[in-house]
Amino acid sequence: MGMGSMKTEIFINEGTHESRIAIVEDGQLAEIWVERPENERMVGDIYKGVVTAVLPGLQAAFLDIGHERTAFLQVRDMIEADTGEDEGGHNGRRGRHYPPIQTLIRRGEETLVQVSKEPIGTKGARVTTQLSLPGRFVVLVPGGDWIGVSRKITSWSERRRLRDLLTDLRPPGHAVIARTEGRNQKEKEFRRDLRELVKSYARLLRVAKKLPAPALVHKELPITSSVIRDLFTENISRLVVDDKERYREILSYVRTVSPELRDRVEYYKERRPIFDAFQIEDELEKANNRTVWMPCGGALVFDHAEAGTFIDVNSARYVGSDDHEANNLNTNLEAAKEICRQLRLRDIGGIIVIDFIDMNDERNRRKVLERLIDETKKDRARITVGARVSEFGLVEMTRQRVRPNLLHTHTEPCPTCSGTGRVMAPDTTVTRIERWLQRSFAATKERRYVLRVHPEVARYFTERRAERLRSLRSATKARLSVCEDESLSPQDYRLFSLRRNLDVTAEFRV
């Protein structure tokens, strides 16, 4: 987060059904978090689960944690990470050999697991038996015996200091990782943090003993509190909240952990909604659009597919210079910055392919790649950028997502187009009806039908294409009367046989 000179503000909007947290950097919306009571975040929650199946073929197990979908545990998430180099102690794992899962865990066994990835779509939650409890400046990893420092702390001397400090403070039987937020903090802060976490872990074990599995043992802080815990440091110039209750809550939290930041917390009491007043609502509106316009006049087009996200950079109709290479470079540089902002804002995860505008000069391609890598540093998610721009101007990157993205929390697949983003034109629907009638006439020699269609398709018949209806009638020898039906989608139709007084659509489905 700490980009030094960047001005960062947090705005919190409490609604009846959701709280929204906006993070604004240098006047631009950078991230949005939405918390709804019904789909509270699960990442970080700890459950006492029951193993329902062990699958040697997949080297994984399924656990019942009391949700409708079973949780998924992989063998590599059962083995103590032997290094503590990054925030989760997860490196040094590639190419490691793991013992067979069936020797580690049995069906019917009860075990404590922590959710590492939200259930998304049809997939259940991913869990790990490597528990970790985040504090403000450190993460406690019960059962480990190593010390880690967040990768985002790059200064060699600071890494050294934190290592030495934590070596003295590390509670026996636990591993400890210094979080990015721990940079330049004093020893007493770490001591206080660790004391709380050790107490909290002991409490958690006591609770787990008593509860019959499956059960929730420990809930990660609600999103607002965890955002405050993780983000509200001296880098934040102000935090504005529109709810009295929440304002008091945040104040009392800040008083205990960093009293010097107290006067940066503001209560917003105007009539005008807070997100309108600070121009956040408009930006959010745009965050669900497929096309994003850039100040230079170029545009980004986002396409989501099962396999990943494809982003197309379209050039501006540049006025000014005839130098195409320079224009393309400028548009691409601006796109690189905007893409990184949108990835955070929309919280897009998985594989991302960017189609930049063609540049002939290898040096320019490098520049764009470097800008892209540079801009990803503001992101808290882990990102890998491909090593080069391919000959077709494509760059591949992956972004690790921890929560379902904005598109999923704010929208659902359109029932009409089943999520494809395309709807059949009335003309296509009419052609399908025509084929239906031809098949039916060939099979039954029936002629009299009532056709029910979406009003738009009905209008298509009556206003624009009366002759289309005539030719339909003559081509299929059908005596057709057309009826509007609001409940149908534009690509649907229903046919009723007057002779049999029956909906016969399914008989000759096209």
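This report walks through the sheets, helices and nonpolar cores of a predicted model.

## About the model

Residues are numbered from 1 along each chain as its sequence is written, and side-chain values use heavy atoms, with hydrogens and water left out. As this is a predicted model, local features need pLDDT of at least 70 and side-chain atom pairs count only at pLDDT 80 or more, while totals for chains, interfaces and linings use all residues.

The pLDDT is the predictor's confidence in each residue, from 0 to 100. Its mean for the protein is 83, and 86% of the residues reach 70 or more. Residues 84-93 have a pLDDT below 50. Beyond near neighbours in sequence, this stretch has 34 contacts in the model (contact means heavy atoms within 4.5 Å).

Helices (H or I, at least four residues) and strands (E, at least two) are DSSP runs, numbered from the N terminus. Two strands pair if DSSP finds at least two bridges between them.

## Two hairpins in a row

Further along, β16 (residues 291-293) pairs with β17 (residues 299-305) in the antiparallel sense over 3 bridges. Val 292 has Leu 300 as its bridge partner. This hairpin has 5 residues between its strands, and Gly 297 in the turn has a positive phi of about 100 degrees.

β17 also runs antiparallel to β18 (residues 308-314), joined by 7 bridges. Ala 305 stands opposite Gly 308, and this hairpin has 2 residues between its strands.

## The nonpolar cores

A nonpolar core is a set of buried Ala, Val, Leu, Ile, Met, Phe, Trp, Tyr and Cys residues joined through side-chain atoms within 4.5 Å; buried means under 20% relative accessible area (1.4 Å probe, protein chains only). The largest core has 25 residues, and Leu 300 and Ile 339 are among those touching the most other members. The largest share, 7 residues, comes from α7.

Terms used:
Buried < 20%, exposed > 50% of the residue type's maximum accessible area, 1.4 Å probe, protein only.
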